[in-house]
Amino acid sequence: MDIIQLRDKAGFVEHRGNIESLFVECFGDRLSPDVWEWAYLRNPNGAGIASLCYDGTRLVGHYAMIPVRLRSDAGVFNAYQSMTTMVSADYRKEGLFVKLATDTYTQAKSVDVDCVLGFPNAMSTPGFRNKLNWILPEPDYVAVLDRAELMQAADHFKRREGQWHLDLGDTANREWRLSKPGTSCAWDDGLAYKRYEDQLDVLAFDDPAQFERLPQERGISILVPGHVSELRHKMVFEYQFGGFGICRPFDPNLVQRQMGMSDVF
């Protein structure tokens, strides 16, 4: 078996057909071509990094991550987000998940990536924790509130000094992030949200006082820090976050998690 390393957009284009076929094999559904192009080819923050495993001409394993622009008071961080991990069913006892992820992180270190982060699902969380040494804090959760409840709980959503956050103040990053195919997103001077069915999803905000500008009173979804117990009766589902330090230590408490950071799949 051969490991192919990708660090430029042309490489992703070259292997696109095989990636799409492996996606269908692993998930039973077709990969959205528009979303894939948006994430891997139109991303203004740079090219993704990936490791692919081929057995002859057949792609049997895939681990990839894309650049995500985070900022704190200290400046911009060179962070990447872990994307779809795929291993063909015939090869799932070969240790390919760990091998491909480790190879991708080695590539990332060579180009000075600070950290990789992501939102692993329940099936993959043990692998990220036990085999890749990701730091996974208590899961956050998504809650649905009305605007009055959201304003009343505003103190729970304040950004702490020094926290990294999704940088939507950068015009190119904001225009890209809010143009994900199949979504209807809006930007209101520091507040980003999208409409989903009869609800609003709060994607990002600079200050929770901005919640007052949300254009509807009810059915507002927001990512709530896991330590906040007061809103758990409004929880819809838990949402695990975590990451791994590559060129600098990773501390999940220094990341302000918002839905706009996770909603790239």
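Let me start with how helices and strands are assigned: they are DSSP runs, numbered from the N terminus, with helices being H or I of at least four residues and strands being E of at least two. Now the ground rules. This is a predicted model, where local features need pLDDT of at least 70 and side-chain atom pairs count only at pLDDT 80 or more, while totals for chains, interfaces and linings use all residues. Residues are numbered from 1 along each chain as its sequence is written, and side-chain values use heavy atoms, with hydrogens and water left out.

The overall picture. The protein chain has eight helices and 14 strands. Its C-alpha trace spans about 60 × 35 × 35 Å along the principal axes. For 265 residues, a compact globule would have a radius of gyration near 18 Å, and the protein chain agrees with that at 19 Å. That radius is taken over C-alpha atoms, and the globule rule is 2.2 Å times the number of residues to the power 0.38.

Next, burial. Buried means under 20% relative accessible area, exposed means over 50%, and partly exposed is in between, with a 1.4 Å probe and protein chains only. By that rule, 51% of the 265 residues of the protein chain are buried. The accessible surface is about 12,500 Å², and carbon and sulfur atoms own 47% of it. Those areas come from the Shrake-Rupley method with a 1.4 Å probe; for residues, only the protein chains shown count as cover.

Contacts. A contact means heavy atoms within 4.5 Å. Take the contacts between residues at least 6 apart in sequence: 72% of them join residues at least 24 apart.

Charges. There are 29 positive and 37 negative ones, and their mean positions are 2 Å apart. Lys and Arg count as positive, Asp and Glu as negative, and His and the chain ends are not counted. Each charge is placed at NZ of Lys, CZ of Arg, CG of Asp or CD of Glu.

Now a closer look at helix H3, residues 33-40. Which residues of H3 are buried? Val35, Trp36, Trp38, Ala39 and Tyr40. Their cover includes helix H1 (9-14), helix H2 (16-27), strand S3 (58-72) and helix H7 (171-177).

Arg30 counts as exposed because its relative accessible area is 57%. Leaving out residues up to four places away in sequence, Arg30 touches Phe23 and Val24. Arg30 and Glu20 are ten residues apart in sequence, and their C-alpha atoms are 7.0 Å apart.

Compare another arginine. Arg257 lies in the loop between strand S14 (242-245) and helix H8 (259-262). Is Arg257 buried or exposed? Buried, because its relative accessible area is 16%. Beyond four places away in sequence, Arg257 touches Phe119, Pro137, Glu138, Asp140, Leu223, Phe241 and Pro252. Thr57 is 200 residues from Arg257 along the chain, with 40 Å between the C-alpha atoms.

On to cysteines. A disulfide is a pair of cysteine sulfur atoms within 2.5 Å. For Cys247, the nearest is that of Cys115, at 9.9 Å. Cys247 is partly exposed, because its relative accessibility is 38%.

Asp112 has a positive phi, near 65 degrees, and is not a glycine. Asp112 sits in the loop between helix H4 (96-110) and strand S6 (115-118), and is exposed at 53% relative accessible area. Glu197, also not a glycine, has a positive phi of about 55 degrees. Glu197 is in the loop between strand S10 (191-196) and strand S11 (199-205), and is exposed at 71%.

Last, two helix residues. Val98 lies in helix H4 and is partly exposed, at 26% relative accessible area. Apart from residues up to four places away in sequence, Val98 touches Lys131 and Leu132. Pro126 is in helix H5, residues 125-130, and is partly exposed at 39%. Pro126 and Gly11 are 115 residues apart in sequence, and 30 Å apart C-alpha to C-alpha.

That's my tour. Questions, please.
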